[in-house]
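Subject: Structure for you to look at

Hello,

Here is the structure I promised. Please open it, then read my notes below.

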Amino acid sequence: MSTDGQILLVGFGNMGQALVRGWLNNGRAAASVRVVEPAASARDIARRLGVFANESVAVALADFRPDVVVLAVKPNQIGSALAECSTKVDATTVWLSIAAGKTITALSEGLGAKAAIVRAMPNTPAAIGKGMTALVANAGVTADQRTLCTDLMAAVGAVAWLDDERHMDAVTAVSGSGPAYVFLLIECLERAAIDLGLAPALARQLALATVSGAAAYAAVADAAPAELRRRVTSPNGTTQAALEVLMADDGLSGLMTRAVRAAAERSEQLSAA
Ligand SMILES: NC(=O)c1ccc[n+]([C@@H]2O[C@H](COP(=O)([O-])OP(=O)(O)OC[C@H]3O[C@@H](n4cnc5c(N)ncnc54)[C@H](OP(=O)(O)O)[C@@H]3O)[C@@H](O)[C@H]2O)c1
């Protein structure tokens, strides 16, 4: 990891655990991370990883000055987490929140207008280091703090910075919720395979390997996905027969646009609530 820095991680659930594993796998020293988490079973997991864990922010910060506080609690737990932490860390600390729908404005209500705040939106594949995280910073965040936040999220996958927080609803709709769309695609492909008479185990193997293999290939190929699609579509062949159905006027493109738009609208509503 290129940037050092001490981390207080608040919330050690699915995403908090994925982050810590990513940090340690990337060479971060366990002593540079402290976890605050109410669940004893989760704290035990942290300790088994060699990371300090306590249920009390005050205890965690007694002899520890974090450069960054990573907020990885559920959105409805953010208020109490901020109340516990905000008076106990230096003004120079950057706050990195991954809570879906919690805007920088909402976070600064608990932290004060001058607080350096980064809002991030990761996704589920972060659990295996293949996540996608979009980040956006407020004006109080320094270049070094941006680098630190980039490093922390890059430990669990790809990162992209936004220059406008309004794009977070679109990001949520594409990469935040997106893994579920791909899971559905796998399910549908599997069901179609079974419908054609293949055994369920083989149907799942074909569907999973095809989706993961195609995505991995598209990520490293020398051409855009549309060109890769054209390259595998022989005139009057089998792929063309399927694509004529998928690319019809009422096909996948319009459906995906409507689905992603619905997610973005919902994200906007939840952020405003
Ligand atoms: N999972 C994803 O794929 C994903 C994707 C994008 C964004 N996110 C965001 O990531 C955040 C965490 O999600 P998650 O799936 O990891 O949730 P989670 O598994 O419920 O983890 C949250 C953890 O924080 C603990 N907690 C609650 N209040 C706390 C407090 N005041 N101080 C310290 N710890 C506290 C919870 O304990 P209790 O269970 O005892 O309450 C729980 O162990 C959410 O805000 C979510 O929007 C998650």
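First, a term. A helix axis here is a line fitted to C-alpha atoms over the stretch in contact, and angles between N-to-C directions run from 0 to 180 degrees. Two packed helices are described by the angle between their axes and the distance between the axes. Keep in mind that this is a predicted model.

Start with helix 7 (residues 168–176) and helix 12 (residues 252–272). They pack at an angle of about 130°, and their axes are 8 Å apart. That makes helix 7 oblique to helix 12. Their crossing is right-handed.

Which residues meet there? From helix 7 come D169, A170, T172, A173 and V174; from helix 12 come V260, A263, A264, S267, E268 and S271. By type, the residues of this contact are 6 nonpolar, 3 polar and 2 charged.

Now look at helix 7 and helix 8 (residues 178–195). Their axes come within 5 Å and cross at roughly 30°. Angles under 35 degrees count as roughly parallel, so helix 7 and helix 8 are roughly parallel to each other. A173, V174, S175 and G176 in helix 7 meet G178, P179 and Y181 in helix 8. That contact has 4 nonpolar residues, 3 polar and no charged.

Last, the domains. The assignment gives domain 1 (7–171) and domain 2 (178–272). Their centres, taken over C-alpha atoms, are 33 Å apart. In the contact between them, domain 1 has 8 residues and domain 2 has 5. The area buried between the two domains is about 480 Å², with 55% of it from carbon and sulfur atoms.

Best wishes

Conventions: Residues are numbered from 1 along each chain as its sequence is written. This is a predicted model: local features need pLDDT of at least 70, side-chain atom pairs count only at pLDDT 80 or more; totals for chains, interfaces and linings use all residues. Side-chain values use heavy atoms; hydrogens and water are left out. Helices (H or I, at least four residues) and strands (E, at least two) are DSSP runs, numbered from the N terminus. Angles under 35 degrees count as roughly parallel, over 145 as roughly antiparallel, 65 to 115 as roughly perpendicular and the rest as oblique. A crossing is left-handed if the near helix is turned anticlockwise from the far one by less than a right angle, and right-handed if clockwise. Contact means heavy atoms within 4.5 Å. Ala, Val, Leu, Ile, Met, Phe, Trp, Tyr, Cys and Pro count as nonpolar, Asp, Glu, Lys and Arg as charged, and the others, Gly among them, as polar. Domain bounds come from an automatic or database domain assignment. Buried area is the accessible area (1.4 Å probe) that two parts lose on being put together, summed over both.
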